[in-house]
Amino acid sequence: MQWHAGEREIKSLFRALDCERIASHAHVQADPAVNGKELLKRRDFMGDLMAAIKERRSIRNFLDKEVPGEVLDQVLEAVRWSPSWANTQCWEVIVVKDGEQKQRLQETMGKGNPATRSIVEAPLVLALCGKKDSSGYYKGQVTTKFGDWLLFDLGIAAQSLCLAAHDLGLGTVIVGLFDHAKAMEILKVPEGYELVTLIPMGYPAKGSGAPKRREISEFTHWNQF
Ligand SMILES: Cc1cc2nc3c(=O)[nH]c(=O)nc-3n(C[C@H](O)[C@H](O)[C@H](O)COP(=O)(O)O)c2cc1C
């Protein structure tokens, strides 16, 4: 059957395929001149990925709604498949659900940190830790001038985590401004590991606008800086 795809048709098609999130983006893809089935075939992964990268925002207000275990598993799966130095996978994730623990972590927040409330409001706080002296090392020796690449690897893992969470309808905010030593004590992070970031995660209560980004031309250099 030949038919032309409008926003409504695309939405209902994706809903029939149980792809609620894609359906909610149908307005981006609706084009009355394009055959619907063809459009479905052309809807590629790249479009989805770019949408997720651009639409993810730091979320600091959360609903009082639990994150199901299987949803959390998918977020952790995204961490699991992140790239890392020589596949060292130096990350460790502490899932903080306990209200008292969250309260104590909140007390470690830096003065005026806009994410302070999120630490207790979010149903979960994911504490990303890394094993020291492994990423960027070969046979126990540093291989580059940067020494430990732990921060780099955890940064990638954090972005995987946040994008996967966004894809699942969850909100996150990467929190870096807090007293790391105190938080490590609270979380009983062992010797040989660093706590890098706390990431409150839950269903967003309200979104926020996108802070302005630099233009591509402002940060792209050709052939030399
Ligand atoms: C390494 C890092 C540390 C951050 N620390 C904090 C923080 O302590 N508190 C906070 O509210 N947001 C924090 N953020 C979130 C940034 O403010 C936010 O990503 C940035 O303003 C861009 O906004 P967007 O995430 O909505 O695109 C941090 C982000 C990164 C990547």
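Where is Asn-223 placed? I found Asn-223 in the segment after helix 11 (216-219); helices are DSSP runs of H or I with at least four residues, strands are E runs of at least two, and both are numbered from the N terminus.

I noted that this is a predicted model, where local features need pLDDT of at least 70, side-chain atom pairs count only at pLDDT 80 or more, and totals for chains, interfaces and linings use all residues. Residues are numbered from 1 along each chain as its sequence is written.

Entry on phi. Most residues other than glycine have a negative phi. I looked up Asn-223, which is not a glycine, and its phi is positive, about 70°. Asn-223 is exposed, with 4 other C-beta atoms within 10 Å. By the cut-offs, 12 or fewer such atoms is exposed, 20 or more is buried, and in between is partly exposed, with C-beta atoms placed from the backbone.

I then checked Lys-139, also not a glycine, with a positive phi of about 50°. Lys-139 sits in the loop between strand 3 (137-138) and strand 4 (141-142). Lys-139 is exposed, with 5 other C-beta atoms within 10 Å.

I traced an open sheet of four strands in the order 1-2-6-5, with antiparallel pairing (two strands pair if DSSP finds at least two bridges between them). Strand 1 (91-96) and strand 5 (171-172) are the edge strands, each pairing on one side only. Strand 5 runs antiparallel to strand 6 (residues 193-202), and two bridges join them. I looked up Gly-171, and its bridge partner in strand 6 is Gly-202.
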